[in-house]
Amino acid sequence: MNEKVTFKDKLKEKVESFGLPRLIIAGFLLLLFILSPFVGADLPTQFTNTINRFSWNAIMVLAMVPMVHSGCGLNFGLPLGIISGLLGATLSIEFGFTGAFSFVGAILIATPIALLLGSAYGWLLNKIKGGEMMIATYVGFSSVSFMCMMWLLLPYHSPNMVWGLAGKGLRTTISLEGYYNQVLAKFLQINIGNLSIPTGTLLFFALLAFLMWAFLHTKTGTAMTAVGSNPVFAKAAGVNVDKSRLLSVMMSTWLAAIGILVYEQGFGFIQLYMAPFYMALPAVSAILIGGASVNKASITNVIIGTFLFQGIVTMTPTVMNSMIHMDMSEVIRIVVSNGMILYALTRKTEGGKK
């Protein structure tokens, strides 16, 4: 009898540790994978699509971690970092870089832009402690709107990017064919029938995730975590609170810039103008679904949340379309993704036991 009670207690503890909402979402995703062959959807293809979307989005979710640790909250200003990456991408093409070197060039160009914008963003957040997420939202939205004008006014001349007849202003969508299209995805790619694993993209994410984990275990990273947990205690211990917060915002902005470049290489296109407008919401939702809270996040939260969010968004429209024999994929995707975003934002204070 005691053994049975002990087993139940252990099971209950594990469920609470993982989080009941995540367990339900994971179960639903597993059900979709099981149903897919029975409704005529090819399982290896669907698993490939899920892994691809995970690899495209994981770094932008990882960008949430440093700001959460420093107490700056969830980075709704992610579009500021995305714009840095877009500037790096377009300038790399403008300068004539091609192939894999255009990806390296885009990172090198985007880095100083992201650090500069991140430092200004961090300075602003230090001035309005307590209202970071609200101000971050305005920063993200306003920066995207401002760049809508700049994409038309900046002196780009590459025929692969500017409007043909006008000869100025960038197109809404720019193809990466001949540049860094799938430069990471095709590196050490594993193909087994219809199953394709973008090994290079996953390894790149793993490298950045490891570096983030290692940083958080350094003296500076520990101080940053202390600032997020108890800024008064951290200040009393001699930690420069504003400096730690500023560093976290710069790191988050830089990771967002790298994240959009990785997203583009997998997707095959650069999308400008209003495309980055809502990109912060899926990233915020993914890390919350993964078990993070507004003041606590881990690499595990990033991995679990991104896989669950992207898996549901990928699998639900496919399985539903196959079941009802109607093409409603985009409608279903919008309903499901926005529903998960709404759910995640209502759970922002949860955070599973770690």
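Helices here are DSSP runs of H or I with at least four residues, and strands are runs of E with at least two, both numbered from the N terminus. What I am showing is a predicted model, in which local features need pLDDT of at least 70 and side-chain atom pairs count only at pLDDT 80 or more, while totals for chains, interfaces and linings use all residues. Residues are numbered from 1 along each chain as its sequence is written, and side-chain values use heavy atoms, with hydrogens and water left out.

Overall, the protein has 14 helices and 4 strands, and of its 354 residues 48% count as buried, that is, under 20% relative accessible area with a 1.4 Å probe and protein chains only, where exposed means over 50% and partly exposed lies in between.

Helix α5, residues 78-94, packs against helix α6, residues 99-127, at an angle of about 145°, with the axes 7 Å apart; the axes are lines fitted to C-alpha atoms over the stretch in contact, and angles run from 0 to 180 degrees between N-to-C directions. Residues of α5 including Leu80, Gly85, Gly88 and Leu91 meet residues of α6, among them Gly105, Ile109, Ile113 and Tyr121, contact meaning heavy atoms within 4.5 Å.

Finally, consider helix α7, residues 132-153, where methionine 149 lies. Is methionine 149 buried or partly exposed? With a relative accessible area of 48%, methionine 149 is partly exposed.
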